[in-house]
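Dear colleague,

I am handing over the structure we spoke about, which you will find just below. My notes on it follow, and I would be glad if you read them alongside the coordinates.

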Amino acid sequence: MSLSGTTTAPSSAAPRSGSSHRGASRRGAPSWSASAVLAVIGLCFVVPLSWLVLASLDAEATYETALPSSFSLANFTAILTPEQTFIPLLNSLILSGGSALVTVFAAVLAAYPLSRFHTRFNRPFLYTVLFGTCLPITAIMVPVYSLFVQLNLLDSLAATTFFLAATSLPMAIWMTKNFMDSVPVSLEEAAWVDGASSMKALWHIVVPLMRPGLGVVFIFVFIQAWGNFFVPFILLFSLENQPAAVSIFRFFGQFGTVAYGQLAAFSILYALPVIILYILVSRVFGGSFAMSGALKG
Amino acid sequence: MPALILIGIFLAGPILWSFYGSFTNAALTGANAKNPEWIGFENYVNLFTDPLFPQSLLLTVIFVLVSAVIGQNFLGLGLALLMRRAHRVVAAVVGVCVVAAWVLPEIVAAFVAYAFFFRDGTLNQLTGLVGLPGVDWLFEHPMLAIILANIWRGTAFSMMVYQAALGDVPREVTEAAEIDGAGSAQSLVFVTLPMIRRSIATNLMLITLQTLAVFTLIYVMTAGGPTNRSTTLPIMAYEEAFRYSDIGYGTAIAVVLLIIGAAFSLAYIRLLRERKP
């Protein structure tokens with residue numbers, strides 16, 4: 001059970017596969033009233049999204065949700081230019097991919113001693129990490145901005161990548177440690193006997209075994225960075241450096257005109273990669289597997 | 001340790017820096033940008049006498065309380081409970097709909113919410129269908145629109161946490177309670193909820209802090225307006241620092257926000273530790 005980690009020793013339960021709770025949870029016949037209530041709530045959630053899809057296919061879209069008089073892909077063809085779409089998406093890719101790589105690398109190094117050597121600093125350190133996970137990022141953007149001014153790092157993609165990596169590190173360390181706990185120590189002990197250093201054991205034995213867990217961490221960080229608007233909005237200003245989250249404002253013309261259809265089409269193109277990645281995580285790894293890494297305490 | 005270096009430079013650094021910066025008159029432009037001066041508690045004195053501050057603080061508290069602690073938390077729990085009772089296909093489809101709002105990038109979700117509450121937007125179209133007069137939601141009830149939008153966007157997280165937690169409650173336990181004559185409401189309150197209380201506490205902490213930091217949604221939907229009626233602390237800090245170029249003052253607001261966030265985290269961490277079974 002993933003909620004049993006109250007004692008001092010971290011629970012070493014293996015991550016459960018996604019299917020375990022589904023079968024056990026159903027008791028008796030499904031109730032129709034529950035289904036109906038659920039369907040109504042689901043409808044409330046999906047209605048706002050219908051505007052996005054319909055507007056992207058409507059050459060004369062407005063803020064109203066309406067079936068387009070004629071379906072067209074004109075909005076999509078109009079925005080498929082390097083300045084409008086490809087460069088911003090490439091920048092998003094550099095930012096998110098780069099920060100996810102840096103984060104996973106650093107998180108593995110940080111999680112290893114936490115998972116393997118039990119000192120009395122572990123628990124306080126993990127709480128500090130958990131604490132750092134949640135500090136409002138909006139609160140540190142003002143000082144980060146002045147830090148970037150002092151270090152002359154404004155408008156630098158690389159520096160922004162590292163900053164994004166740092167903000168996702170606490171969460172990543174937390175998750176990586178929980179995944180690492182489920183790799184048995186005995187395997188490394190065998191390697192140590194054979195004379196391998198602990199670094200060697202980490203990279204050659206532990207990391208390959210926790211590949212799915214690291215995949216989850218990577219994708220989590222990637223999705224987070226991909227969707228982040230505030231950080232690049234503050235730190236990057238030149239057009240060629242802006243990721244998709246910020247360049248989306250280009251659809252607002254100078255004189256209050258908004259290209260609604262193109263805005264919707266661009267939003268869909270921009271959202272697509274993270275939706276695919278999310279489906280990948282929940283399909284391949286199982287939703288509760290990912291959650292168990294994040295929430296086991 | 002690369003992790004410590006990264007966290008040191010980019011997280012701990014700015015936090016310490018912000019405490020220092022809040023005591024200076026640093027600005028974006030002009031003489032104070034080059035050589036900020038130490039002005040002691042002046043920013044804080046100004047902040048606590050600024051009539052906008054208590055209002056922002058109150059709006060932030062309302063926003064967090066209503067949209068996260070009440071809205072996302074209870075709706076998420078309700079959805080997770082309903083899903084165990086409902087037909088499998090319905091539960092799966094609704095799950096996808098709820099998660100869809102959560103997976104969308106922040107800024108896209110914000111635009112969608114804007115289009116939904118806009119004067120000519122979807123919500124007024126819907127209320128118009130049943131003959132209700134249109135309301136300019138973003139102008140007349142900015143906080144309500146923002147709160148609903150945040151519930152729409154964030155509930156998926158609570159739902160998934162509770163789905164996982166309920167899946168861990170052994171079936172025999174609830175069955176035993178029902179054999180002993182407990183109704184389903186009773187067995188929920190006295191058996192199920194106590195069993196998942198660690199998940200409840202963790203979830204509350206995470207969504208509280210996430211909601212405390214919400215910027216993009218509000219910035220896109222109302223930009224804090226009209227006349228500051230939806231200016232929460234993150235918006236106020238941004239406005240003061242970047243629009244009015246008063247970095248020092250903006251930093252002071254950020255420090256207040258950090259302290260609130262820290263207080264919440266500490267409270268929840270204590271809660272997690274003390275309530276051992």
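Chain B has 15 helices and zero strands, where helices (H or I, at least four residues) and strands (E, at least two) are DSSP runs numbered from the N terminus. Please keep in mind that this is a predicted model, in which local features need pLDDT of at least 70 and side-chain atom pairs count only at pLDDT 80 or more, whereas totals for chains, interfaces and linings use all residues. Residues are numbered from 1 along each chain as its sequence is written, chains are lettered from A and ligands numbered from 1 in the order in which they are written, and side-chain values use heavy atoms, with hydrogens and water left out.

As for confidence, the mean pLDDT (the predictor's confidence in each residue, from 0 to 100) of chain B is 80, with 83% of its residues at 70 or more. Within chain B the lowest mean, 54, belongs to helix α2 (residues 31-34), and the highest, 90, to helix α4 (residues 52-85). For the complex, the predictor gives an ipTM of 0.78 and a pTM of 0.80.

Of the 277 residues of chain B, 57% count as buried, meaning under 20% relative accessible area (1.4 Å probe, protein chains only). One buried residue is Ala201(B), with a relative accessible area of 8%; Ala201(B) sits in helix α12 (residues 197-212). Ala201(B) lies 7.3 Å from Leu271(B), C-alpha to C-alpha, although the two are 70 residues apart in sequence.

With best wishes

Conventions. Buried < 20%, exposed > 50% of the residue type's maximum accessible area, 1.4 Å probe, protein only.
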